[in-house]
Amino acid sequence: MEWGCIKCGEEIPQDREFCTGCEEIQFRKIGGLLYIPFVGLIISAISYLLNINESFKAIIENYRSIDINAKVFFISSLTIYVVMFLFAAFILSQFLKRKKLLPNLYISFLIAIIITLSINTYTLYVLIPGVKIGYDELVPIFRSLISALIWIPYFTVSVRVKRTFIK
Ligand SMILES: [Zn+2]
């Protein structure tokens, strides 16, 4: 049986999907599974913006009535949200420019999410008396661990990732 390019039908070796010409065109765009982390980055950036707004409001409205520990907690989370928002925005710009650096940046972002969520939960537990750490605090950490376990290997080995981020 003849083995053909799935786009134009040109004969190619069996271990390939596309002929050289179609492969070029295929990998020139952001495609395949890469849409998922791309949309994920946009959603992260938006939720960090919302979090910035919320913590900022909490600080302004309660500044006089909360103790020093609570102030440290709110200011530490606000700082985390600002830094992570800037990080997400920077990675998005590198994604669109298809920079070679992107896979490593994205992997660092996934790790940074886990670290900052853990710091936030820990400072909440230590600095705000009476707070119980439960489902709402632990599920996001668990979810970010799962996402790192999926996307770190993908960004490390995927041929599409290697051929998309080439600049
Ligand atoms: Zn072809």
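Analyst: Cys-22 counts as buried, because its relative accessibility is 11% (buried is under 20% relative accessible area, exposed over 50%, partly exposed in between, with a 1.4 Å probe and protein chains only). Cys-8, in contrast, is partly exposed, since its relative accessible area comes to 46%. The model is predicted, so local features need pLDDT of at least 70 and side-chain atom pairs pLDDT 80 or more, while totals for chains, interfaces and linings use all residues. Residues are numbered from 1 along each chain as its sequence is written, and side-chain values use heavy atoms, without hydrogens and water.

Both cysteines belong to the zinc site: the protein donors are the SG atoms of Cys-5, Cys-8, Cys-19 and Cys-22, lying 2.3 Å from the ion (donors are N, O and S atoms within 2.8 Å of the metal, 3.2 Å for Na, K and Ca). The angles among the four donor atoms run from 101 to 119°, which makes the site tetrahedral (all angles between 85 and 135 degrees). Along the chain, the donors of the zinc ion are spaced as C-x2-C-x10-C-x2-C. Within this set, the pair Cys-8 and Cys-22 links distant parts of the chain, being 14 residues apart. Cys-8 sits in the segment before α1 (20-28), and Cys-22 lies in helix α1 itself (helices are DSSP runs of H or I, at least four residues, numbered from the N terminus).

Technical notes: Tetrahedral: all angles 85-135°; square planar, octahedral: opposite > 155°, others 65-115°. Helix = DSSP H or I, 4+ residues; strand = E, 2+ residues; numbered from the N terminus.
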